[in-house]
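Hi there,

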Amino acid sequence: MSDNGGTGTPRVKTGLAQMLKGGVIMDVTTPEQACMAEEAGACAVMALERIPADIRAAGSVARMAAPEIIRGIQQAVSIPVMAKCRIGHFVEAQILQSLEVDFIDESEVLTPADDAHHIDKTPFAVPFVCGATELGEALRRVSEGAAMVRTKGEAGTGNVVEAVRHMRAIRSGLARLGGLGSEELVAEAKELRAPVDLVRQVAAAGRLPVVNFSAGGVATPADAALMMQLGADGVFVGSGIFKSDEPPARARAMVEAVASWDDPDALARASEGLKGAMPGLDIGPLAEGDLLQTRGW
Amino acid sequence: MRPRVGVLALHGGVAEHEAALAEVGAETRRVRSAADLDHLDGLVIPGGETTTIDRLARRLGLALALRAAVGGGLPTLGTCAGLIALAREVRDGPEPLVGGLDIAVRRNAYGRQRASFEAPVLVPSLGREELPGVFIRAPRVEDVGPAAEVLATCGDEVVAVRQGGVWGTAFHPELTPDRRLHAAFVATVRAGGAAEVERREEGAFRVGA
């Protein structure tokens with residue numbers, strides 16, 4: 001193309017997220033897993049050194065995956081390859097951009113590198129996705145340049161309860177904005193700790209300005225469809241596939257469930273004949289320090 | 001009467017096409033099963049991931065129905081992954097989902113997301129003012145056969161083609177506010193009968209193998 005100047009524009013960044021809608025993004029650690037995810041119909045893969053359930057079990061500092069892991073996965077599939085960097089670790093993000101990953105997840109699943117600041121994502125040509133537990137957090141990430149958000153849920157647990165809580169919090173935050181007058185929006189922006197112009201824009205539109213996926217604890221086709229019916233544009237499935245007893249069949253079923261999210265007959269068919277789901281954890285007994293969702297500011 | 005245009009709704013930029021079609025006066029219907037293709041005046045195959053759309057369409061029993069509908073003369077617009085689905089030949093990939101559009105394409109030919117770009121697109125049939133072109137991990141049209149005609153260019157590259165009522169773009173007209181391309185496609189949908197004659201004159205649109 002002769003005129004290739006317009007790379008990394010907001011429109012091409014948010015546009016890729018729009019093209020992922022209605023799809024499942026799967027965590028993978030090897031080229032073989034990536035191929036299996038692609039064949040199952042995943043719309044993207046997240047290249048990781050360890051899946052969240054193993055990160056949780058290991059308990060040590062979790063960092064960006066090694067370049068050779070990401071490269072191997074990029075060579076194996078034609079779908080977009082995402083990768084995670086630590087919250088605030090803009091040099092990991094620079095390296096991921098240099099590796100030409102298609103999307104960077106500034107993720108609470110890894111150990112945060114900065115306890116007060118997220119990355120300024122605007123200067124990057126590669127788009128970012130960030131986690132959020134409520135509307136204010138989602139809008140702060142958008143104001144930093146995130147092209148996509150996702151509920152945090154509680155990664156690596158196989159328990160969907162936190163993803164549900166976060167999606168409902170975002171929904172009710174949006175509904176609340178709709179009922180506020182102009183001067184009330186100024187006060188609400190302070191409450192949300194988000195820029196007032198962005199709050200006004202979101203109040204007028206009645207929806208987030210970027211695509212919102214669901215993540216963190218989605219383990220079954222029914223979980224995935226639940227998040228879609230609660231308003232998610234698509235889902236991330238981390239440990240839910242490769243910690244289950246039969247990953248290829250489960251991966252296909254998740255893809256079918258997200259495509260047919262509002263059709264209970266199709267969901268029943270997708271759920272049938274699957275071997276065991278990942279065992280899962282109860283969130284209640286987890287100590288505050290074991291929660292990943294409280295990371296991020 | 002408002003023409004009824006289906007949007008293949010397995011995955012991808014479905015809502016954006018629905019909004020664009022509504023703005024230019026079409027009624028829309030989401031297509032997720034073979035039965036959803038009945039009584040449509042036109043069809044849009046949106047952008048998204050080619051393998052996702054392909055695997056879902058085959059598993060849901062839609063692949064043959066789509067080929068029959070498009071091959072049977074249903075005016076169809078494919079954007080990005082939709083263009084790939086309609087192409088006669090995909091040079092770096094498996095058999096296209098629908099096929100028949102006399103072009104050869106290469107997927108992700110401009111590179112990974114970092115190389116995705118915006119650039120103006122010239123569509124001579126829509127006037128001298130260029131359309132905004134958004135190219136996201138876009139396919140490249142590497143060959144245009146005799147049955148297809150060039151609809152749009154960007155620099156010296158072909159970025160949209162048509163073959164009778166079947167249109168394909170490598171870019172995403174649904175992501176920008178300019179509605180001229182959707183309006184022109186819906187005009188073709190409205191002229192369904194006329195398009196039929198035109199297709200016979202040009203040589204029949206053949207369904208992929």
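Searching the whole structure, which is a predicted model, turns up three cavities of 30 Å³ or more. The largest cavity holds about 200 Å³ of space. It is lined by 22 residues, and the closest to its centre are A:Asp27, A:Ala155, A:Ala215, A:Gly216 and A:Gly238. Three elements of chain A give two or more residues each to this lining: strand E5 (103-107), strand E9 (235-237) and helix H11 (239-242). Sorted by class, the lining of the largest cavity comes to eight nonpolar, eight polar and six charged residues.

The largest pocket has about 610 Å³ of space. Its lining counts 29 residues, with A:Lys21, A:Arg207, A:Asp233, B:Ala15 and B:Glu16 the closest to the centre. In chain A, helix H1 (10-20), helix H9 (196-205) and helix H12 (247-259) each give two or more residues to the lining, as does helix H1 (14-23) of chain B. The largest share, four residues, is the one from H1(B). The lining of the largest pocket is made up of 16 nonpolar, seven polar and six charged residues.

The second largest pocket has a volume of about 270 Å³. Residues from chain B line it too, namely B:Arg32, B:Ser33, B:Arg59 and B:Leu60, and among those from chain A are A:Glu256, A:Asp263 and A:Arg269. H12 and helix H13 (264-271) of chain A are the elements that give two or more residues to this lining, and H13(A) gives the most, with three residues. By class, the lining of the second largest pocket has four nonpolar, two polar and five charged residues.

Now for the interface itself. Contact between the chains takes in 44 residues of chain A and 42 residues of chain B. Together, chain A and chain B bury about 3500 Å², with 52% of that on carbon and sulfur atoms. Between the two chains there are six salt bridges; one of them joins the side chains of A:Arg11 and B:Glu118, at 3.8 Å from N to O. There are also 22 residue pairs in polar contact between chain A and chain B, counting pairs with both residues at pLDDT 80 or more.

On the side of chain A that touches chain B, the elements giving two or more residues are strand E1 (6-7), H1, helix H2 (31-40), helix H5 (90-98) and H12. H1(A) supplies the largest share here, eight residues. This side of chain A divides into 16 nonpolar, 16 polar and twelve charged residues.

Best wishes

Terms used. Residues are numbered from 1 along each chain as its sequence is written. Chains are lettered from A and ligands numbered from 1 in the order in which they are written. This is a predicted model: local features need pLDDT of at least 70, side-chain atom pairs count only at pLDDT 80 or more; totals for chains, interfaces and linings use all residues. Side-chain values use heavy atoms; hydrogens and water are left out. On a 1 Å grid over the protein atoms alone, a cavity is a set of points where a 1.4 Å probe fits but cannot get out, and a pocket is an open set with protein on both sides within 12 Å along at least five of seven lines; lining residues have an atom within 4 Å of a point. Grid points are joined across faces, edges and corners, and a volume is the space filled by probe spheres set on the points. Ala, Val, Leu, Ile, Met, Phe, Trp, Tyr, Cys and Pro count as nonpolar, Asp, Glu, Lys and Arg as charged, and the others, Gly among them, as polar. Contact means heavy atoms within 4.5 Å. Buried area is the accessible area (1.4 Å probe) that two parts lose on being put together, summed over both. A salt bridge is a side-chain nitrogen of Lys or Arg within 4 Å of a carboxyl oxygen of Asp or Glu. A polar contact is a pair of N or O atoms within 3.5 Å; within protein, one must be able to donate a hydrogen and the other to accept it, and residues adjacent in sequence count only if both atoms are side-chain atoms.
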